[in-house]
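Student: I would like to go through this model with you, beginning with the charged side chains. Could you set out the terms as we proceed?

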Amino acid sequence: MSYNNNQIREKLIDITNRGLQLKAIALNAGLDANDLSHFKNGRNCLKDSDIKLLSEYLDAVHIPQWIRVSPVKRKVTKLELLQKRMNK
């Protein structure tokens with residue numbers, strides 16, 4: 001099976017931008033961190049066997065995305081209303 005280096009590089013960049021450290025990827029995929037860094041920055045290509053390992057690892061990685069929740073205005077309690085009136 002042939003692997004597309006550019007697609008794998010883009011996926012690697014996307015995953016590192018989401019917060020997974022390159023060193024952790026290298027450790028978990030069984031790759032050299034320096035070689036992986038060079039590959040990520042486009043300065044070097046990985047061996048076919050390393051590309052296969054990296055591709056399989058990146059396919060297995062799932063990083064959950066947090067949904068940003070806008071603040072909800074809560075109702076003022078009767079106690080808070082009373083305290084507000086007393087402070088005036």
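Tutor: A salt bridge here is a side-chain nitrogen of Lys or Arg within 4 Å of a carboxyl oxygen of Asp or Glu. Please keep in mind that this is a predicted model.

Student: How far apart are the closest N and O atoms of Lys-52 and Glu-56?

Tutor: They are 3.8 Å apart, and Lys-52 forms a salt bridge with Glu-56. The two residues are 4 apart in helix 4, so about one helical turn separates Lys-52 from Glu-56.

Student: How many salt bridges are found in the whole structure?

Tutor: The search finds 4. One of them joins the side chains of Asp-59 and Lys-11, at 2.7 Å from N to O. This pair links distant parts of the chain, with Asp-59 in helix 4 and Lys-11 in helix 1, 48 residues apart. Asp-59 counts as exposed because its relative accessibility is 53%, whereas Lys-11, at 32%, counts as partly exposed.

Student: And what about Arg-74 and Glu-80?

Tutor: Their side chains also meet in a salt bridge, 2.8 Å from N to O. Arg-74 is exposed at 60% relative accessibility, and Glu-80 is partly exposed at 28%.

Student: What does Phe-39 touch?

Tutor: Leaving aside residues up to four places away in sequence, its contacts include Ile-8, Leu-12, Leu-46, Ile-51 and Leu-54, as well as Asn-5 and Arg-9.

Student: How does helix 3 begin, and what follows it?

Tutor: Asp-32 caps the N-terminal end of helix 3 (residues 33-40), with a side-chain oxygen 3.2 Å from the backbone nitrogen of Asn-34. Just after helix 3, Gly-42 takes a positive phi of about 80°.

Student: Finally, which residues form the nonpolar patch on the surface?

Tutor: Leu-79, Leu-82 and Met-86 form that patch, with about 340 Å² of accessible area together. Leu-79 lies in helix 5 (residues 78-87) and counts as exposed at 54% relative accessibility.

Key
Residues are numbered from 1 along each chain as its sequence is written. This is a predicted model: local features need pLDDT of at least 70, side-chain atom pairs count only at pLDDT 80 or more; totals for chains, interfaces and linings use all residues. Side-chain values use heavy atoms; hydrogens and water are left out. Patches are made of residues with over 30% relative accessible area and no salt bridge: like charges are joined within 9 Å, nonpolar side chains (Val, Leu, Ile, Met, Phe, Trp, Tyr) within 5 Å. Accessible areas come from the Shrake-Rupley method with a 1.4 Å probe; for residues, only the protein chains shown count as cover. Buried means under 20% relative accessible area, exposed over 50%, partly exposed in between (1.4 Å probe, protein chains only). A polar contact is a pair of N or O atoms within 3.5 Å; within protein, one must be able to donate a hydrogen and the other to accept it, and residues adjacent in sequence count only if both atoms are side-chain atoms. Contact means heavy atoms within 4.5 Å.
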